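Biologist: I would like to learn how to read side-chain packing in a model. Can we work through one together?

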Amino acid sequence: FAPNPPISEWATRWITVNHTAKMAIETELTEFSDIFEGRVIAELRTLLRDGDIIVAGNSMPVRDLDTFYPSTERTTLFFANRGASGIDGVVSTACGVAAGARHRVVLVIGDISFYHDMNGLLLASAYGIDVTIVILNNNGGGIFSFLPQAEHSDVFEKYFGTPHGLTFESVATLYKLGYKKVTGYAEFRKSVHESLETPGTTLIEVPSDRSKNTEQHRQIWNAVSKRLLRTTGGSS
């Protein structure tokens, strides 16, 4: 193989498309003053050191991580555990990763997945595990709002949205863990930084609105599409 093979026209086009999409996403994220789950994940880039670890919950967190966590020169390690149903064992997995890690660990998880494996927090409490747990609490299964069944309002909330009305400060108290509830990005950055610099486990709960989160995602998709059309002239 040539040491520096030429980049093909096909590859060049994809590089251009990728860069254009990235610029559109970054521009749109700055427009969201209210909490947007994708920007919460993007904010982590400035908070993590080289070699730090992100454990991604399933459903929207792992998808948002793929879309919104920007490229960086720092090395970030990513872990995920699909489980049998996509929600089981995620907290326990993060605790296991943190128990054997030499670097700091952040778990980004949805409220349903967190609720499903709350008893995994006993590991964190009993063994003094260092992990920062970011709970994106949109009061239900956020991923279903993007699917066709969301149009069936008569049954959607009961069978797909599954709202629970829970907040998780009492869970932190139960397991003797740290807790912060944040409603803004500056507060989020401060809470994550403090947790990463403090031994033990802290729950950082980020309230979110499922309907608004869906609209914000679609706003970004539309912005990416429009910028790509301007850049490529509509060619594929």
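**Reading rings, burial and distance**

Modeller: Start with F114, which is buried, at a relative accessible area of 0%. Keep in mind that this is a predicted model.

Biologist: Which aromatic residue does F114 pair with, and in what geometry?

Modeller: Look at the centre distance, then at the angle between planes. Planes over 60 degrees apart count as edge-to-face. The ring centres of F114 and F168 lie 4.9 Å apart, with the planes at 75 degrees, so this pair is edge-to-face. F168 is buried too, with a relative accessible area of 1%.

Biologist: Which parts of the chain does that pair tie together?

Modeller: F114 belongs to helix 5 (residues 111–116). F168 sits in the loop between helix 7 (156–161) and helix 8 (169–175). The pair therefore ties together parts 54 residues apart in sequence.

Biologist: How is the pair of F146 and W221 arranged?

Modeller: The pair is tilted, with 50 degrees between the planes and 5.8 Å from centre to centre. F146 is in the loop between strand 4 and helix 7, while W221 is in helix 10 (residues 210–232). That links parts of the chain 75 residues apart.

Biologist: Where does the charged end of R39 sit?

Modeller: For a charge and a ring, check distance and direction. The charged end of R39 is over the ring of Y185, 3.9 Å from the ring centre.

Biologist: What does T132 contact beyond its neighbours within four places in sequence?

Modeller: First place the residue, then list its partners. T132 is in strand 4 (residues 131–137) and is buried, with a relative accessible area of 1%. Its contacts beyond those neighbours are V105, V106, L107, S195, L196, T202 and I204.

Biologist: Is K176 buried or exposed?

Modeller: K176 counts as exposed, at 73% relative accessibility. K176 lies in the loop between helix 8 and strand 5 (178–181).

Biologist: What separates the C-alpha atoms of K176 and H152?

Modeller: Read sequence separation and spatial distance side by side. K176 and H152 are 24 residues apart along the chain, and their C-alpha atoms are separated by 41 Å.

Technical notes
Residues are numbered from 1 along each chain as its sequence is written. This is a predicted model: local features need pLDDT of at least 70, side-chain atom pairs count only at pLDDT 80 or more; totals for chains, interfaces and linings use all residues. Side-chain values use heavy atoms; hydrogens and water are left out. Helices (H or I, at least four residues) and strands (E, at least two) are DSSP runs, numbered from the N terminus. Buried means under 20% relative accessible area, exposed over 50%, partly exposed in between (1.4 Å probe, protein chains only). Contact means heavy atoms within 4.5 Å. Rings of Phe, Tyr and Trp (its six-membered ring) pair if their centres lie within 6.5 Å; planes under 30 degrees apart count as stacked, over 60 as edge-to-face and the rest as tilted. A charge sits over a ring if NZ of Lys or CZ of Arg is within 6 Å of the ring centre and within 35 degrees of the ring normal.
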